[in-house]
Amino acid sequence: MAILNHHYLKLKAGYLFPEIARRVKAFADAHPGADIIRLGIGDVTEPLPLACRQAMIKAVEEMGSRDTFKGYGPEQGYAWLREKIAQQDFQSRGCDIGAEEIFVSDGSKCDTGNILDIFGKDNVIAVTDPVYPVYVDTNVMAGHTGEANEGGEYSGLVYLPLTAENNFTAPIPSQKVDLIYLCFPNNPTGATATKEHLQAWVDYARARGSIIFFDAAYEAFITDPSLPHSIYEIDGARDCAIEFRSFSKNAGFTGTRCAFTVVPRTLKAQTPDGAAAELWPLWNRRQSTKFNGVSYVVQRGAEAVYSPEGQAQVKDLIQFYLENARLIRDELAALGWAVYGGVNAPYVWVKTPQNLSSWDFFDLLLDKAKVVGTPGSGFGAAGEGYFRISAFNSREKVQEAMARLTQVFGA
Ligand code: MLT
């Protein structure tokens, strides 16, 4: 009999969002016609920016003529897109990042998992708690952890608690860790990292030869001009960080699929004989072998994000969701609940009322208000007693959801 990857058997329950979808479906089946409002998964609802749609329509037309038809593209992405990304997302902010260091992909979720392909098995890995579950589950699948305990913590991982006391910023560990996942603006807490905080992480990583995986999927939601959008705004980050970016949350590409990962040429890790070797050629090789690139049509859509019209339309989209987040914050704070995030991020992180467990609050909210959120404990043991509410929905749905919460939980 063929042998399966037994590390998958260590995974806890289902992946968080399918598990929520399963529970919501069960509720909907039991309550036909219930008007359920979904503020759970961070999936966008508003239409794609016009500039992106027009660019994709034009690209589809090009595919209809032999002269302009495109077959396989470069696995790393088309140069015209990589150059715009390098210039407008990085060089314009003073980051020393070149086009060849950008690898266009179909998603940051995939890339944050796939990146493990180019690292060895014996790294000490640190994740925040709560954390985007993909970072943990992909390490479990790759056999980098032991079993999970009852709270869902896997042995072999170093957990860095994000708490109200530390302002939901990742504490620097006292021990040496080799790979560190940081996500700012943070999913799920909506917290942000200052330049000083990231500088402390970069200094830590450089002193110990560690690599930071910096997930900046939500950088477009930063409104505070003092906050860094990229880890490469921090001195020394080229030598210790890989950054993940996405068009999902800024331009609404969750269903269209386009993202990119930045691997600086100066980034090195250790070979078995103790030498230092560049990681860029490994990621380039990995992508060339296992990936055929993002479709031409979609890359043209992503390119349009960088046009003046695209920039203005993306800004409007971000402002729309941030206004939703403000509404959520204000309404929940008015209920007397402790509310975090939602200012430079599309997620609002709430302390559950009456010390309810995260899943009990999920069930209560679904049952009484027909509103879906995400239980904090689904993001890790330290998320227990918290709840995430996503600002990704229409204004009407957000207003209606908040009105229902006020009715159910108001005095
Ligand atoms: C979330 O709700 O956390 C997001 O949908 C995660 C993702 O983008 O995969």
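A residue is called buried when its relative accessible area is under 20%, exposed when over 50%, and partly exposed in between (1.4 Å probe, protein chains only). The model on display is predicted, with local features requiring pLDDT of at least 70 and side-chain atom pairs counted only at pLDDT 80 or more, while totals for chains, interfaces and linings use all residues. Residues are numbered from 1 along each chain as its sequence is written, and side-chain values use heavy atoms, with hydrogens and water left out.

This tour follows salt bridges, each being a side-chain nitrogen of Lys or Arg within 4 Å of a carboxyl oxygen of Asp or Glu. The model contains 24 salt bridges by this rule.

Select Arg245 to begin. Arg245 is buried, at 3% relative accessible area, and forms a salt bridge with Asp89, with 3.9 Å between the closest N and O atoms. The partners lie 156 residues apart, Asp89 in helix α3 (residues 79-90) and Arg245 in strand β7 (residues 241-246); helices (H or I, at least four residues) and strands (E, at least two) are DSSP runs, numbered from the N terminus. Asp89 is also buried, at 15%.

Next, select Glu62 and Lys58, whose closest N and O atoms are 3.9 Å apart in a salt bridge. Because they stand four residues apart in helix α2 (residues 50-62), about one helical turn separates them. Glu62 is buried at 16%, whereas Lys58 is exposed at 57%.

Then select Arg265 and Glu278, joined by a salt bridge of 3.5 Å, N to O. Arg265 is partly exposed at 27%, and Glu278 is partly exposed at 30%.

Finally, select Glu19, Arg22, Arg23 and Asp363, which are linked in a network of salt bridges.
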